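We will go from stop to stop, and each one tells you what to pick and what to look for.

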Amino acid sequence: YCYDIKTQKTTRLFLKNKYYTPLPKLDTTRYSKIGAPNFLYEIHLVNYFYNSLVYDHHKEVYYRFFSKALPLKNDEGFFNTWDDKVFGVNLIDKNFNIIGDVCFQPHDCRHIYYPTKKGLYHAYQYDEYTEISLLTFKY
C-alpha cells in the first residue's frame, strides 16, 4: 500500500518481479511432525519472501530486497540450507514501476544496506567478520 500524506489517500500497489512465486498452502501436518522451530525455518527457506525496502533519495529509487524460492532438497537429495538461498533486489522508480531485478550469489541473509551518492553500500556479516561492498546499478 502507498499512503499519500497530502491527500490522505491509500493506494493498493502490486509489484511482482519475474522471480516471484506465490506462497503455497501450508502443510500443517508437517508442523506436528517436525516441531515449530523447524517448520518455521523450512517455510522461510523454501518460499519466496520480500525482505526489506530501502529508499535512495540520491537516485530517487527504491530497492526492494527478496529471497527466491528454493526446494527443500537439492538435486543430490541433500537438504538445502540458508547458504544455498539466492537473494536479490528489485529496482523501483519513484512512481513504483519496476526498473529491473538483480540476483546475488547464494549466501546467508544478515545484510545492512545504506544508499549514498556513490551507490548502495552493502554490509554482510559473516560469523568472524563483516564484509562491506559498494553496489552500483546501471539502468
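Select Y19, Y20, Y48, Y50 and F66. Together they form one aromatic cluster. This is a predicted model, so treat the stops below as computed values.

R64 lies over the face of Y50, at 3.9 Å from the ring centre.

**Aromatic pairs**

How many aromatic pairs does the structure hold? There are ten. Start with Y19 and F66. Their rings are stacked, 5.8 Å centre to centre, with 25° between the planes. This pair links distant parts of the chain. Y19 sits in the loop between β2 (9-11) and α1 (28-34), while F66 belongs to strand β4, and 47 residues separate the two.

Now colour by accessibility. Is F66 buried or exposed? F66 is buried, with a relative accessible area of 0%. Y19 has 24% relative accessibility, so it counts as partly exposed.

Next, pick F65 and Y113. Their ring centres are 3.8 Å apart and the planes meet at 15°, so this pair is stacked. It also links distant parts of the chain: F65 is in strand β4, Y113 is in strand β7, and they are 48 residues apart. Both F65 and Y113 are buried.

**The core**

In soluble globular proteins, nonpolar side chains tend to be buried together. Here, the largest nonpolar core has 15 residues. Select Y63, F65, V89, Y113, L120 and F137, which touch the most other members. Strands β4 (61-67) and β5 (87-93) each supply at least two residues of this core.

Zoom in on Y63. Leaving out residues up to four places away in sequence, Y63 touches, among others, V89, L120 and F137. Its contacts also include S52, L53, V54 and D56.

**The three-strand sheet**

Show β7, β8 and β9. These three strands form an open sheet in the order β7-β8-β9, with antiparallel pairing. Why is one side of β7 and of β9 left without a neighbour in the sheet? β7 and β9 (130-135) stand at the edges, and each has a single partner strand. On average, neighbouring strands of this sheet are turned by 20° against each other, direction ignored.

Click I112: it stands opposite A123 in β8.

Last stop: H111, in strand β7 (residues 111-115). Beyond its neighbours within four places in sequence, H111 is in contact with H122, A123 and Y124.

Terms used: Residues are numbered from 1 along each chain as its sequence is written. This is a predicted model: local features need pLDDT of at least 70, side-chain atom pairs count only at pLDDT 80 or more; totals for chains, interfaces and linings use all residues. Side-chain values use heavy atoms; hydrogens and water are left out. Helices (H or I, at least four residues) and strands (E, at least two) are DSSP runs, numbered from the N terminus. Contact means heavy atoms within 4.5 Å. A nonpolar core is a set of buried Ala, Val, Leu, Ile, Met, Phe, Trp, Tyr and Cys residues joined through side-chain atoms within 4.5 Å. Buried means under 20% relative accessible area, exposed over 50%, partly exposed in between (1.4 Å probe, protein chains only). Two strands pair if DSSP finds at least two bridges between them. Axes are lines fitted to C-alpha atoms, for helices over the stretch in contact, and angles run from 0 to 180 degrees between N-to-C directions. Rings of Phe, Tyr and Trp (its six-membered ring) pair if their centres lie within 6.5 Å; planes under 30 degrees apart count as stacked, over 60 as edge-to-face and the rest as tilted. A charge sits over a ring if NZ of Lys or CZ of Arg is within 6 Å of the ring centre and within 35 degrees of the ring normal.
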